[in-house]
Every structure is written in structure tokens, then in C-alpha cells.
Amino acid sequence: MLSEFLLSEMNRLGTQDALPLHRQLYEALRRAMLDGKLGPGERLPSSRDLAQDLNLSRNTVVAAINQLSVEGYLESRVGSGTYVNENVPRIHPGAAPLRPGLRSAPAAAGGLSQRGLALTGRFCASELEVQPFTPGIADFSAFPLTLWQRLQNKHWRMAYPDMLDYNTSGGYAPLRRAIADYLRVFRSVQLDADQVIVTTGTQQSLELCARLLADHGDTVWVEDPAYWGAAKAFMASGLALHPVAVDDEGIHPGPADDAQPPRLIYLTPSHQYPTGAVMSLPRRHQLLSTARAHGAWVLEDDYDSEYRFSGPPISSLEGLDTDGRVLYMGTFSKVLYPGIKLGYLVVPKPLVAAFKQAHYDLNRPGQMPLQAALAEFIEMGHFSSALRRARQSYAERRAALLEALRPVLGGEIFISGAEQGLHLCLRLPATVDDQALALRLAQQGLTVRPLSAYCLARQDLRGLVIGYGYAPLVAIQRHGPQLAAAVRALAG
Ligand SMILES: Cc1ncc(COP(=O)(O)O)c(C=O)c1O
């Protein structure tokens, strides 16, 4: 019975966390949906019935339902009641409560390979819904959909048979030219269009590098803390991850790291993910000479360099490379929308033919009409205008978030990485339980990720990774103080 489940959950939450009644009911209903006790599309009892069954005031019930509706768990249909949204994710029955940044292992893990178990382990994407402050997400609601649709239609109408085939040349030539022009001018990458390979995004770029440049068991240095997506791509290719600590000048390998010689070094030098550190110039030169000494390839992930808000412009690491060992990758996820699944990899000239052939054999690339539409989108200046608009709007959101966080700063609480990108990192003292803090915020409908959840080996980092790309300015202004108050209560 639903009401029995809700009562027992509320009872538990009331004793455990001393939450107010409407918050207890909100949590209990949310858990009922995630556990599948209230299935997608199912009708909720009326607020009057719920109030009666649970012995609550109608206002309490309405407050909980309103919050769940705002967050997209529930939808009201005029004249017919309130229903569970069809898209509510379902977690396995009986799974432990979600902790931000952590995902419970699949219930039925039997039969998985060792690699499968490692890939479904602790270090992974969050299942948390997109809410104010979710990091890594752009505001794709601002994307010019009508224009995009028109371009798509045009290129589908023009598509000649070749455009429907697999593609052998690394992508649609005008798109590769447009990408090369952009990277040459804005990122100081040294390249010809021929060196650009269009991929389905950074994951595919990383997989290609891992498979073509390293063998099973070879070592890849990854930043610690790290982007889980890259770590997973390397694990899937059977590489041994060696975490190298990051400080405020970026990745900082020492003698102990040199004892684990790398075949590949993966890094995010423009805006380290997640701490936001910008790699200093001396550190860049040092890294390139370390790579040379080890004969290692360097994989530069320049995932959000389009957005730079303060400080001098920084160009790519690839631009400093004099012996052709940096492979540069970027994505359209942050300026257009993540589901476009288009990114690019720039490979040194001697590797171009091998990469194109392997890309063709392993991935059977295609999507030419989509690539043609994107090429025209860039050539006609729409990409630059979208970028200009987005920069302006993210700059305002970033300023609002910084303003909201200002009162909690001081001592060991400080911000890193706010110069660029779509997220910043609020650093907290090592004694703070950042996972508990993120969980507390999730209960208030605010999604942030605990910094410790990105750490591979180190134990000393605590903080919150906070996104300002997704939430509209008013939501940041509204919820920023709430975020600051929660931080002050737990960490101040
Ligand atoms: C460091 C980093 N690289 C790459 C990506 C995503 O790239 P793609 O969507 O092309 O896989 C992300 C997304 O959040 C990221 O944080």
C-alpha cells in the first residue's frame, strides 16, 4: 500500500534527519517513484486523500507535490489529476539511497567480466537529475532550434547517395575545414584540416587514442581528481590508470610518478576537470618535456575552452608542442547540445592515415547530413553568434553564483576554477564530509557534486563542484543563498 510505504519512510526520515513534514513527504514520494512503487504514468491519489490517509494537513501535501512538480517528477493534467512523469528514472528496488556522485552497483552484476565490474563501479556519472547547479551541463534551451531544423531539412533534401554511406575521410570536408579554422584562430592549434577527425564526441576520440597508441596493460597518467568519462574510456581499453595529483597549476607529476612510466598522459590543461585549475606556462613546458622523456603521447581534452570570463586568454597545450606528441580533442556538447554527439580529434600528421583507417574500421562513421548542417551553421556565423549569446548569459549566471557564495568564503573555504567554463569548485576543509553536504543539497532539490567523488587515489580533497550553465539566472539568484546557507551550516 502506498500510504503505508509513505508513512514508514516519513517516520524514518523524521527520526533520522529531523526534516519538516512537507520535506519528509517529498522525500518519501520521490523514493516511491525511484523504487518503482509509483510507476511512470501512474496517477497520484488526490491531495485530499493523501492528507487524510497520512494524517497531514492539506497544505503540507500540496507543498510536497508542488516541489515534485517543479522538479519534473510529477505532472498535472488539467481536470484529471497529478501523474508520475513518464521519464522518471527507476532505480533498482531496495537499492541504497543515492549519494551524489556515487551510483549503486547494478543489482544483477553476476556474469560481468572483471572489466565490466570495474566499469560499473563507484567512479562514474551521477544519476541525479538535472537541476540548478548540476555541473557540466550547458543551457541547451537557448539553442536556435528553428534555424537548426531548417538547416537539417535542407541538407537532408540535398543528400546524395554518398552522404548516406559510411564515411572514409575523417568526416565531412567543409566541417573539418571550419573546425580547423576555428582552432587555428581561437586555440592556437597548429593544424591542417586534413588532421581533423570528426568523432561522436570526446569518448570516441579517447577510445581511438587508447586503442591506437597504447597496448593492453600500458600505463596512462590521469589527473587526480579526474573526469570519470576519460578514466572509463581508458579502463575499457584495458589500460592501467595511474593517478597524478593536480594542484593549482594543473597536473604535477613527481619522481614517484616517473617510476610508473606512461604511454599516454590525459589532461584538461585549460580548465582542469573538476578543480578548474589552469595549467601554468612553466608547468606546460615541464609536462611536454616529461612526456618527451618517457616517449609518451599527450591527450589534451579542451572541453570548455569556448567560455573564458576572466584572466588572460590561454591557448592550447598543443600550440606549444614542438615534436608532434599532443593529440587535441574538443566537443560540440557545450556550445550546441550534448545529444548532437559530435566532437573532433586533431592528430599529428604522421598518424593521420592510421587514425582515419582505424576510425573507419572500428566505428563505421557516418551522419554526413548532420555534419553538413553543422558546417553551414558554422560557416554562416551562427556558431559564433550562439557562442556570443551563451558567453554573455553564462557570465551573468557565474557572477550571480559568485555573489551568492561570497559570504561563505574565507579561511579554508575558497573558490577555484571560476575563470572559465560552466562550473566552479567550492573548496572546503579536509574535515568536511562533502558527500553528506551534497546529499543534503540534493534533498533540497539542488544538484552539486562532491569533489571527493572525482578522486582516484587521494583522500585530501573536499569541495563542491557547482555548475552555473544549466540553471537560468533567476534560479541561481533564488537558490544561490540556499546553497550558501547549507554550506555554512555544515562546513562554516
Ligand atoms: C572533461 C570533459 N571532457 C569531455 C566532456 C564531454 O564530451 P562529449 O560530450 O563530447 O563526450 C565532458 C563533459 O562533461 C567533460 O567534462
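This section describes the sheets, helices, cores and selected residues of the structure. The model is predicted.

In general, strands of a sheet pair through backbone hydrogen bonds, either parallel or antiparallel. Strand β8 (residues 297-301) pairs with strand β9 (residues 326-331) in the parallel sense. There are 4 bridges between β8 and β9. Here D301 stands opposite M329 of β9.

V196 has V346 as its bridge partner in β10. In a regular strand, side chains alternate between the two faces of the sheet. In β3, V196 and V198 point one way, whereas I197 and T199 point the other way. All four of these residues are buried.

H242 is buried, with a relative accessible area of 15%. The cut-off for burial is 20%. Beyond its sequence neighbours up to four places away, H242 touches T219, V220, W221, V222, D257 and Q260. W221 also provides a reference point for A231. The two are 10 residues apart in sequence, and their C-alpha atoms are 9.7 Å apart in space. A231 lies in helix α9 (residues 228-236). Its relative accessible area is 1%, and A231 is buried.

The other open sheet has 4 strands, in the order β11-β12-β14-β13. Its pairing is antiparallel. The edges are formed by β11 (414-416) and β13 (449-450), each of which pairs on one side only. Strand β13 is joined to β14 (residues 462-467) by 2 bridges, and these strands run antiparallel. R449 stands opposite V465 in β14. Helix α14 lies across β11, β12 (423-428) and β14. It runs at about 15 degrees to β12.

Nonpolar side chains tend to be buried together in soluble globular proteins. The largest nonpolar core of this model has 39 residues. Which of its residues touch the most other members? They are L183, F332, L336, L374, F377 and F383. Several elements each supply at least two residues of this core: α6 (145-158), α7 (173-187), β3 (196-199), β10 (343-346), α13 (368-379) and α14 (382-405). The largest share, 8 residues, comes from α13. F377 illustrates the contacts. Leaving aside residues up to four places away in sequence, F377 touches F143, P144, L147, W148, L151, L336, H382 and F383. A second, separate core contains 27 residues. Among them are V408, I413, L446 and A486.

Helix α3 (residues 47-54) has distinct buried and exposed residues. S47, L50, A51 and L54 are buried. These four cover an arc of only 100 degrees around the axis, which puts them on the same side of α3. The face turned away from the buried side carries R48 and Q52, which are exposed. Just after α3, N55 takes a positive phi of about 55 degrees.

The cysteines were also examined. A disulfide is a covalent bond between the sulfur atoms of two cysteines. How many disulfides does a search of the whole structure find? The search finds 0. For C455, the closest cysteine sulfur is that of C425, 9.4 Å away, which is too far for a bond. C455 is buried, with a relative accessible area of 5%. C209 also counts as buried, because its relative accessibility is 0%.

Terms used
Residues numbered from 1 in each chain as written. Predicted model: local features only at pLDDT ≥ 70, side-chain atom pairs only at ≥ 80, totals over all residues. Heavy atoms only, no water. Buried < 20%, exposed > 50% of the residue type's maximum accessible area, 1.4 Å probe, protein only. Arc of directions from axis to C-beta. Core = buried A, V, L, I, M, F, W, Y, C linked by side-chain atoms within 4.5 Å. Contact = heavy atoms within 4.5 Å. Pairing = 2+ DSSP bridges. Axes fitted to C-alpha atoms, helices over the stretch in contact; angles between N-to-C directions. Disulfide = S-S within 2.5 Å.
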